[in-house]
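Here is a short briefing on how one protein chain packs. It covers helix pairs and nonpolar cores.

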Amino acid sequence: MGLRDDLERFREVGEERREDLADFIQYGDLGRSGPGEINIPVKIVSLPEFEYDQRDKGGVGQGEDGTPDAGQPVGQPQPQPGDDGEDGDPGEEGGDHEYYEMDPEEFAEELDEELGLDLDPKGKKVIEEKEGPFTDLTRSGPNSTLDFERMFKEGLKRKLAMDFDEEFLKELCKVEGIEPREVFEWARGESLPVSMAWVEEAYSNIPDEERGKWASIEEVESEVERESVQQKIRREGIKHVPFRREDERYRHPEIIEEKEKNVVVVNIRDVSGSMREKKRELVERTFTPLDWYLQGKYDNAEFVYIAHDADAWAVERDEFFGIRSGGGTKISSAYELAAQLLEEYPWSDWNRYVFAAGDSENSSNDTGERVIPLMEEIPANLHAYVETQPSGNAINATHAEELERHFGTDAEDVAVAYVNDEADVTDAIYEILSTESDDNE
């Protein structure tokens, strides 16, 4: 097997692993993974092996007495009793090779690749300020930081703007009967930056025998070739550049702020009596990958878990996915608690995500009168609601629809997703993560 074939095979392995990732999110056993360690089931890959040619039985190997058996894989010992399951007791534990372990950062990269996402978190909390390149300019500073190149360019631009063809104007002064004022007005009409004093001095220096050399200005224009400033510089070079004090600029280092990418994720779930087992499973299947993804994207990720029925209370992660209740539903109670808990995570220092999930059944008028105003009052990179209704929309499951009607389907900081079964999970995750606005400051 050649190197090209090996590379192609490993490329296929990477694609298969991403397919395994998508299947895992939808259908896999999330319980095998923890907050910081993710176990993705992967297909067993047969890697290439090198074997001795059966015609060559000599050489150094690892068989008994130093001589390998024909066809024995290089670098592997001979099978021992029990290795093939025939002569030994069968094993009771599954092989580690059936799962691929990845951390949240790698999980986020793989999910980006699988879903075509590219969330680029912004740092908020300044942890260090350091000097960068000398790109900032001020009007004062030590001579060692004077930006001479810039000053030269400014002077050169001034020279190009102020210079003119002196010899041509001197020829105009030789026109019969012309006066300095006429030469000056002609020059101004041609946008030449010449002063009246210069014209008068040039006119007075014309020898008497040369006065009347030309019959008219038109004759000078037709007989004498004008030279541009650029042509003059190419011919004579730059002998003088008119610098001014206002051209001076001094370079200072740019102050670069190192910002830590902090995020707090508030997960809210409905645990009222209508949230049956299937609905709870869909909540876990959607929220768990979102937690892993954001944990992998940010330097520092903290999570807040809120459960609610008619009232809301904070819980630990393990409780969040397994808790059951039997009360009514008042979603606004969870957002009221979220607003209180987020006071510990100032918007100026923290990126914030508020994710809620339930079956969209809410107490009368609570969505419009309380939940929507609270969502608008809580600054966040993204608010998201996931409706989990395995049998489709129930008659009184209107919360998600009310959010969509109010915020619209194109809102940049509010996402609504519907999960009716496991196959909808990946689409819901994409809908949520692709909604975040680029401008969340």
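This is a predicted model: local features need pLDDT of at least 70, side-chain atom pairs count only at pLDDT 80 or more; totals for chains, interfaces and linings use all residues.

The chain holds 14 helices and twelve strands. Of its 441 residues, 40% are buried. Among contacts with a separation of 6 or more, 78% join residues 24 or more positions apart.

**Helices H11 and H12**

- H11 spans residues 332–341, and H12 spans residues 366–377.
- Their axes come within 9 Å and cross at roughly 20°.
- An angle under 35 degrees counts as roughly parallel, so H11 is roughly parallel to H12.
- The crossing of H11 past H12 is left-handed.
- On the H11 side, the contact uses Ser 332, Tyr 335 and Glu 336.
- On the H12 side, Asp 366, Arg 370, Val 371, Leu 374 and Met 375 take part.
- By class, this contact of H11 with H12 has four nonpolar, one polar and three charged residues.

**Helices H9 and H14**

- H9 covers residues 277–297, and H14 covers residues 425–433.
- The two helices pack at an angle of about 45°, with axes 10 Å apart.
- H9 and H14 are therefore oblique to each other.
- H9 passes H14 in a right-handed crossing.
- H9 brings Arg 285, Thr 286, Pro 289, Leu 290 and Tyr 293 to the contact.
- H14 brings Val 425, Ile 429, Ile 432 and Leu 433.
- The classes in the contact of H9 with H14 are seven nonpolar, one polar and one charged.

**Nonpolar cores**

- In soluble globular proteins, nonpolar side chains tend to be buried together.
- The largest nonpolar core here has 43 residues.
- Phe 287, Tyr 293, Tyr 353 and Phe 355 touch the most other members of that core.
- H9 supplies the largest share of this core, with seven residues.
- Another core, of 28 residues, lies apart from the largest one.
- Members of this other core include Ile 306, Ala 334, Leu 374 and Phe 407.
- Leu 374 of H12 also belongs to the contact with H11.

**Tyr 293 in focus**

- Which residues does Tyr 293 contact, leaving aside neighbours within four places in sequence?
- They are Phe 107, Ala 108, Leu 111, Asp 112, Leu 117, Leu 119 and Leu 433.
- Tyr 293 of H9 and Leu 433 of H14 both take part in the contact between these helices.
- Tyr 293 is also among the residues that touch the most other members of the largest core.

Note on methods: Residues are numbered from 1 along each chain as its sequence is written. Side-chain values use heavy atoms; hydrogens and water are left out. Axes are lines fitted to C-alpha atoms, for helices over the stretch in contact, and angles run from 0 to 180 degrees between N-to-C directions. Helices (H or I, at least four residues) and strands (E, at least two) are DSSP runs, numbered from the N terminus. Angles under 35 degrees count as roughly parallel, over 145 as roughly antiparallel, 65 to 115 as roughly perpendicular and the rest as oblique. A crossing is left-handed if the near helix is turned anticlockwise from the far one by less than a right angle, and right-handed if clockwise. Contact means heavy atoms within 4.5 Å. Ala, Val, Leu, Ile, Met, Phe, Trp, Tyr, Cys and Pro count as nonpolar, Asp, Glu, Lys and Arg as charged, and the others, Gly among them, as polar. A nonpolar core is a set of buried Ala, Val, Leu, Ile, Met, Phe, Trp, Tyr and Cys residues joined through side-chain atoms within 4.5 Å. Buried means under 20% relative accessible area, exposed over 50%, partly exposed in between (1.4 Å probe, protein chains only).
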